[in-house]
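I opened my notebook today to look up a few things in a protein structure. Come along and follow each entry with the structure beside you.

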Amino acid sequence: MEKPFKNLIKSDFPSLSTSRLLLAVSGGLDSVVLTHLCHEAKLDFAIAHCNFNLRGNESDADEKFVKKLAVDMDCQVFTQNFDTKSYAGDKGLSIQMAARELRYKWFEELRLQHNYGFVLTAHHANDDVETFFINLVRGTGLEGLSGIQVENKKVIRPLLKFSRKEIEAYAREKKITWREDSSNASTKYLRNKIRHEIVPQFEELNPGFVQTFLQTQEHLKQSQDLVEDYLSLIYPEAVQKGKLGYELDIAFLRKIPNTKPVLYQLLKSFGFTEWDDVYNLLDAQPGKMVFSSGHRLIKDREKLILTELPSEIENQQFEIEENEEFVMLPIGTFTFSVVNEIEERAENCIYVDPDLLDYPLIVRKWQKGDYFYPFGMKGRKKLSDFFKDKKLSLPEKENSWLLCSGEKIVWVINQRADNRFAINSPDQKILKITCNL
């Protein structure tokens, strides 16, 4: 296995030979073999070990074993103890997910702090097979069946092309010792159930199942690459980044083939699960929405608008006292200045008669029933009708803020001033109000 490993480093990961590396070592068979292979390949590495404190004395014995391994390999070792159960409870995670978050966060901190080029983990081909079945059981798209990434940012998994049998054979040949995790024998965890009960049945049908699987998975990865290439071609036509989120062109989506899977690929990162509902938005009435845990997709007239869910700030209001010159609010900044004349008008500023203002001024969201007297028009108008005339989308309406004096609207901010506070005589004092949202 040493020669294939060295050849793999030379052909696929040449940068590992010239970088300082951090090896994630649990003390189990896979990570110990990876350590020996890196040592034989004369790579420059240190060891990082996580003690998750989940198995009492066993966890402590693992840590002791890894420290001795570092002495044998003549390399530096870093160890870290975690209160994994408390972290999982605080974050609402499973123990496995909590441990994963803790270790990768710590690995990255170590990598940056000590200037290591890459973190190496000992995931192998059988791990890839198990992950495939886990994703298949839980439901996934093509990317979930394409397996564990060989390289993800600064994390590299150089053993993914080697099976567990190859790793075990190498360990026996070299008389390598390692620690056995007793929890690996329990089938109460899905991964272990797949490892001990499902995969052996496939190997009984096909003794070369793992290698056959790797070949099939390579085809899946190539298909995923093809999908991504296609998306990169249509993305500029299908999606635009707006002020309030992403905008998807409905007419374009309708005319391309395979619209439904394209929508899935475009939106899969935003947590949606009801994909039939997402697809049906294309023909829904304007205003119809589909929600994920953190986002919503809104049917507008000619586009689908993707935004984050409104935050608590949406229901707040803010006060501005008299004689303020510069005010910072969570929604943006306001400046107030007395000027001698009305300068060139812009959307983000208005000119008002300061003697007509009642303080404190109020900044709030618009509400149903609000009305004002639009500057340049006669009479009053409901804000809902004003927005309708401007053909504002739902997110644009929701993001409309008002500057109010008492019960009166002074300004639909960055859209239209109210005529009641306008300058009607050159002898009046002029207050210029500017807002940058």
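**Entry 1: charges over rings.** Before looking, I wrote down the rule: a charge sits over a ring if NZ of Lys or CZ of Arg is within 6 Å of the ring centre and within 35 degrees of the ring normal. I also noted that this is a predicted model. Then I looked up Lys 241, and its charged end sits over the ring of Tyr 246, 5.3 Å from the ring centre. I found another case at Arg 380, whose charged end sits over the ring of Tyr 371, 3.9 Å from the centre.

**Entry 2: the strands around Tyr 246.** I wanted to know where these residues belong, and I began with strand E7, residues 239–241. E7 pairs with E8 in the antiparallel sense, over 3 bridges. Across this pairing, I found Val 239 standing opposite Leu 248 of E8. The two strands make a hairpin with 4 residues between them, and there Gly 245 takes a positive phi near 155°. Next I followed E8 to another partner, strand E11 (residues 303–308), and counted 4 bridges, again antiparallel. In that pairing Tyr 246 stands opposite Leu 306 of E11. A reminder to myself: strands of a sheet pair through backbone hydrogen bonds, either parallel or antiparallel.

**Entry 3: strand E10.** How many residues of strand E10 (residues 295–299) are buried? I found 5 of its 5, so I put the strand down as mostly covered. I recalled that in a regular strand the side chains alternate between the two faces of the sheet. In E10, His 295, Leu 297 and Lys 299 point one way, while Arg 296 and Ile 298 point the other way. All of them are buried, the charged ones included.

Which strands does E10 pair with? One is strand E9 (residues 289–291), antiparallel over 3 bridges. The other I noted is E11, antiparallel over 5 bridges. Arg 296 turns up in both pairings: it is the bridge partner of Phe 291, and its own partner in E11 is Thr 307. A hairpin of 3 residues joins E9 to E10, and a hairpin through 3 residues also joins E10 to E11.

**Entry 4: an open sheet.** I then traced a sheet of 5 strands, in the order E12-E16-E19-E20-E21. It is open, and the pairing is antiparallel. Which strands are at the edges? They are strand E12 (318–320) and strand E21 (416–417), each of which pairs on one side only. I checked the E21 end and found that strand E20 (residues 408–412) pairs with E21 over 2 bridges. There, Val 412 has Arg 416 as its bridge partner in E21.

**Entry 5: aromatic rings.** My search of the whole structure gave 18 aromatic pairs. I picked Phe 272 and Trp 275, whose ring centres are 6.4 Å apart. Why is this pair called edge-to-face? The planes of the two rings stand at 65°, and planes over 60 degrees apart count as edge-to-face. I also checked the cover: Phe 272 and Trp 275 are both buried. Elsewhere, ring pairs link Phe 52, Phe 82, Tyr 104, Trp 106 and Phe 107 into a cluster.

**Entry 6: the second largest pocket.** I looked up its volume, which is about 690 Å³. It is lined by 26 residues, and those nearest its centre are Lys 243, Leu 244, Glu 396, Asn 399 and Leu 437. Two elements give two or more residues to the lining, namely strand E8 (246–249) and helix H15 (394–398). By type, I noted 11 nonpolar, 8 polar and 7 charged residues in the lining.

**Entry 7: two helix residues.** Last, I looked at Lys 221, which is in helix H10 (residues 209–238). Its relative accessible area is 24%, so it counts as partly exposed, between the 20% and 50% limits. Then I turned to Ile 198 in helix H9 (residues 190–205). Ile 198 is also partly exposed, because its relative accessibility is 31%. Its C-alpha atom is 32 Å from that of Phe 107, which is 91 residues away along the chain.

Key:
Residues are numbered from 1 along each chain as its sequence is written. This is a predicted model: local features need pLDDT of at least 70, side-chain atom pairs count only at pLDDT 80 or more; totals for chains, interfaces and linings use all residues. Side-chain values use heavy atoms; hydrogens and water are left out. On a 1 Å grid over the protein atoms alone, a cavity is a set of points where a 1.4 Å probe fits but cannot get out, and a pocket is an open set with protein on both sides within 12 Å along at least five of seven lines; lining residues have an atom within 4 Å of a point. Grid points are joined across faces, edges and corners, and a volume is the space filled by probe spheres set on the points. Rings of Phe, Tyr and Trp (its six-membered ring) pair if their centres lie within 6.5 Å; planes under 30 degrees apart count as stacked, over 60 as edge-to-face and the rest as tilted. Buried means under 20% relative accessible area, exposed over 50%, partly exposed in between (1.4 Å probe, protein chains only). Two strands pair if DSSP finds at least two bridges between them.
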